[in-house]
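Notebook open, structure loaded. I want to go through a few spots and jot down what turns up.

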Amino acid sequence: MNVLKKASLRIEEADLKCNKLGCTYYGTPQCEGFCSKCYREHLQVKQLVNPTIHTAPAQSSQSSYKSLFSNFERKKQQQQQSQKNIKLLKFGSFRKNIEKTDDLHLDLMQAFSFSDSSNELLRLRETAQLIFCETDQNVETDTNKCVHKYLRKMYADVDAANKFKLSIDDLSMKTQNFYQAFSKHMDTNKIYADLRPEQKERILEYVEKLCMTLLHQVLFCPLFTNDEEMDLAIQKRIRQLNWVNASHLDCHIDEMNPSARDLAFIAMLELTNMDSIKTPPDKLSCIVKCCKSIFKLLQQTGGGPASADEFLPLLIFVVLKANPARLKSNIHYITRFCNAYRLMTGEDGYYFTNLCCAVSFIENLTAESLNMPADEFENYMNGDVVSTSTWESALVICENMQLMCEHLSMLANFNERHDKLFNEAEELKLQMLHFKEEVKQQVHDIIEKYPLEPKRNPRMCGENSISDVVHVTQTESSESSFLFNFSDKPSSSKNKTEDLISFSSPNKVCPPTPIPKHLQSNSSLCSLGGEFDLSDHSTDNSQTDDLISFTSNDFSIEHNDETVARRLENDEAETKKCENETAPTEPAVKVNSVPEYRGFSSQGSNIPSIPCDTGSTLLANVQSPHIKNSYFPLPYG
Amino acid sequence: MSAPPYSYSYIFKYIIIGDMGVGKSCLLHQFTEKKFMSDCPHTIGVEFGTRIIDVCGQKIKLQIWDTAGQERFRAVTRSYYRGAAGALMVYDTTRRTTYNHLSSWLTDTRNLTNPSTVIFLIGNKSDLKDQRDVAYEEAKQFADENGLMFVEASAKTGDNVEEAFVETAKKIFQCIQDGRLDLNATESGVQHKPSQPGRQTLTDQSPKPSCSC
């Protein structure tokens with residue numbers, strides 16, 4: 001699609017404008033290239049000059065195309081005339097007493113040392129800067145001097161040629177001599193002695209481009225040659241041959257394949273672009289690009305190495321379908337004014353030779369060269385038979401195909417993006433889950449690493465309070481509060497650690513209070529003490545107080561229990577004796593008599609309410625363990 | 001010109017001619033494909049065959065122009081010949097007609113190139129022994145009569161392909177050293193890339209004959 005759009009650019013706007021200089025309206029072929037207003041004036045003038053000639057606009061299609069071209073020609077003449085006028089004006093306005101060639105020289109000086117706004121010159125100046133920034137100042141000065149000298153001579157020669165004193169071949173010869181002389185000059189002159197060969201080559205190319213950009217106007221399709229007639233002839237010839245298709249030429253091009261079609265379009269586009277470029281080396285590079293895309297096309301369809309046997313027919317096909325503007329002029333211009341060594345060897349030369357062959361084939365095309373009977377060929381040429389499978393009709397058919405292909409590829413693209421999005425979302429989900437797990441794990445690790453130290457319980461301070469028992473017995477409430485604490489500051493693990501430290505630090509700071517002797521004696525009791533401290537920290541005070549009161553009781557009972565266990569063996573016999581007596585009176589013991597209460601110790605946690613004072617009484621009555629032991633089995637029994 | 005680093009001192013232009021389907025392109029491909037393994041890959045594409053070889057201690061860049069062999073293009077492909085230092089004339093050992101056309105190819109080559117152009121005759125597809133249509137001796141005799149170098153080669157197996165191209169280059173190089181080949185002539189097909197200044201050869205003969213089209 002882009003290719004097609006680009007292709008239309010080759011008609012410059014100036015070509016569409018009204019023929020009358022200075023008029024900004026568009027012209028039409030029906031009005032001989034004038035806009036309607038100017039055309040009326042033009043007719044009036046014509047009728048005044050020669051009233052007998054009827055100047056009706058051309059009607060038939062063939063003459064209209066001729067008129068289009070003559071319009072072109074007229075325009076060119078006008079341009080040249082105006083140029084001369086400008087030059088004359090310049091001569092007249094200043095430097096009247098200096099000889100003509102010097103003035104031309106001055107023109108040229110102005111042309112490329114100051115701002116001639118043409119893009120080509122601007123680009124050339126950029127390349128010049130690139131080339132000469134690496135070299136001595138003298139190199140640039142000397143190069144410019146040589147160029148000026150040549151251009152001055154050339155302008156004089158072109159003037160002579162316009163008066164038919166010189167032929168185009170003479171000009172070509174002089175140009176080739178200049179190229180050669182200049183390259184010899186670079187080899188011999190000591191200004192250039194320090195340059196590397198590739199630098200010299202670049203300078204040579206620059207000189208060639210510069211000269212040809214400036215001389216393009218006078219040397220391309222000059223009036224003193226018949227180039228224009230030949231352009232017309234080949235153009236007409238190609239139009240007549242528009243029925244020739246790929247199969248006539250035995251070349252295999254898959255017209256239904258969009259990429260093959262694109263490559264063919266690119267090749268045609270490059271070929272038609274050639275006309276809009278001024279210098280021979282750049283024109284050559286257009287040809288090279290054209291041929292390369294043809295080769296790509298061949299490689300695509302052929303699969304193997306492309307051969308010249310297949311290449312030349314396809315190039316002919318491309319030339320036929322592209323019908324490039326001023327084809328012969330371009331070829332002549334390149335042959336005459338491109339540095340000849342470029343055309344002899346190298347890629348450029350090879351492809352240019354191929355193009356010449358293709359054009360020559362088209363010019364000499366006969367029924368025989370297309371392997372068809374002479375009468376069929378004649379019928380085609382006369383337009384009696386219309387080919388049914390021309391490139392154009394194939395194109396029309398394929399237009400929708402192409403559109404569909406584009407849509408399909410767009411859909412595929414969307415699909416791909418959709419899938420990608422889905423996958424990414426899925427991934428994100430996994431990442432989030434993972435992150436969640438990770439955070440959980442980290443929190444867990446940290447809890448394990450830095451278990452909470454007792455804080456409020458004054459008896460518990462000291463290292464031995466940190467033991468496994470703490471987390472084993474951690475209550476649900478304490479854990480959740482812990483988590484909550486962390487989720488308030490969900491930054492990094494370091495933070496959490498700090499948090500934990502700060503959490504536990506008050507504990508360390510808190511002044512150690514004397515620990516009752518009976519508690520100090522048992523380590524398991526100490527660690528259990530951590531439990532209330534934890535719950536104390538996380539839950540509100542009223543609850544904690546209850547718990548403390550409860551659990552402290554419990555521990556003391558347990559403590560009792562252990563001491564009891566130690567003495568158990570000793571007193572076993574005695575216990576058995578008493579067993580029967582104590583069992584039935586259990587509730588009574590519990591409620592009324594403090595000394596008899598000991599029996600609860602082992603299951604204290606299962607009994608929700610135990611009077612606070614029991615602890616102290618119990619402790620006081622450690623001495624009678626046999627009673628407790630005897631009591632123990634009863635609740636379960 | 002392409003290939004800025006002058007790792008070679010000469011450029012020889014070769015053309016490959018012969019009927020359609022004798023395997024010109026395959027020979028070219030077989031010969032130049034090696035450059036993908038050894039030389040840098042970003043020189044010139046496959047389509048335009050170039051390879052740098054070593055002959056007598058000199059690095060020589062071969063530029064090989066493949067040509068279309070169809071009969072109907074014969075009239076227009078003459079411009080290929082201009083300035084060829086070497087011409088590889090190919091026939092197919094399994095198709096007699098391609099051999100029979102050799103004399104007309106030879107006439108074209110003689111007429112369109114300069115006398116010092118080295119012509120090398122290659123009988124391609126030597127691997128297809130059971131389908132042989134042209135005897136080695138017959139072709140050898142033809143080559144001797146016309147002063148051509150001759151070898152039977154196979155683009156498929158690579159047999160003798162390298163030799164054909166290199167031998168041609170050796171012969172051309174010999175011509176240069178003998179002074180039979182004028183480096184300064186445009187049509188010599190040889191460019192000397194100056195590593196030493198003062199020997200640059202550019203076109204001498206200036207009004208370039210406009211191409212035959």
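This is a predicted model: local features need pLDDT of at least 70, side-chain atom pairs count only at pLDDT 80 or more; totals for chains, interfaces and linings use all residues.

I picked F414(A) to follow up and found it in helix α18 of chain A, which covers residues 391–449. Is F414(A) buried, exposed or partly exposed? I get a relative accessible area of 44% for F414(A), so I put it down as partly exposed.

**Strand β4 of chain B**

Next I went to β4(B), residues 86–92, and counted seven of its seven residues as buried. I checked each face in turn: G86(B), L88(B), V90(B) and D92(B) are buried on one side, and A87(B), M89(B) and Y91(B) are buried on the other.

Which strands does β4(B) pair with? I found five bridges to β1 of chain B (residues 10–18), running parallel. On that side I see I15(B) opposite A87(B). I also found seven bridges to β5 of chain B (residues 118–124), again parallel. There, G86(B) has V118(B) as its bridge partner.

**L62(B)**

Last stop: L62(B), which I located in strand β3 of chain B, residues 58–66. Its relative accessible area is 0%, so I call L62(B) buried. Leaving out residues up to four places away in sequence, I listed its contacts as F12(B), Y14(B), F31(B), G49(B), T50(B), R51(B), I53(B), F165(B) and A169(B). I took Y14(B) for a distance check: 48 residues from L62(B) in sequence, but 7.0 Å from C-alpha to C-alpha.

Conventions: Residues are numbered from 1 along each chain as its sequence is written. Chains are lettered from A and ligands numbered from 1 in the order in which they are written. Side-chain values use heavy atoms; hydrogens and water are left out. Helices (H or I, at least four residues) and strands (E, at least two) are DSSP runs, numbered from the N terminus. Buried means under 20% relative accessible area, exposed over 50%, partly exposed in between (1.4 Å probe, protein chains only). Two strands pair if DSSP finds at least two bridges between them. Contact means heavy atoms within 4.5 Å.
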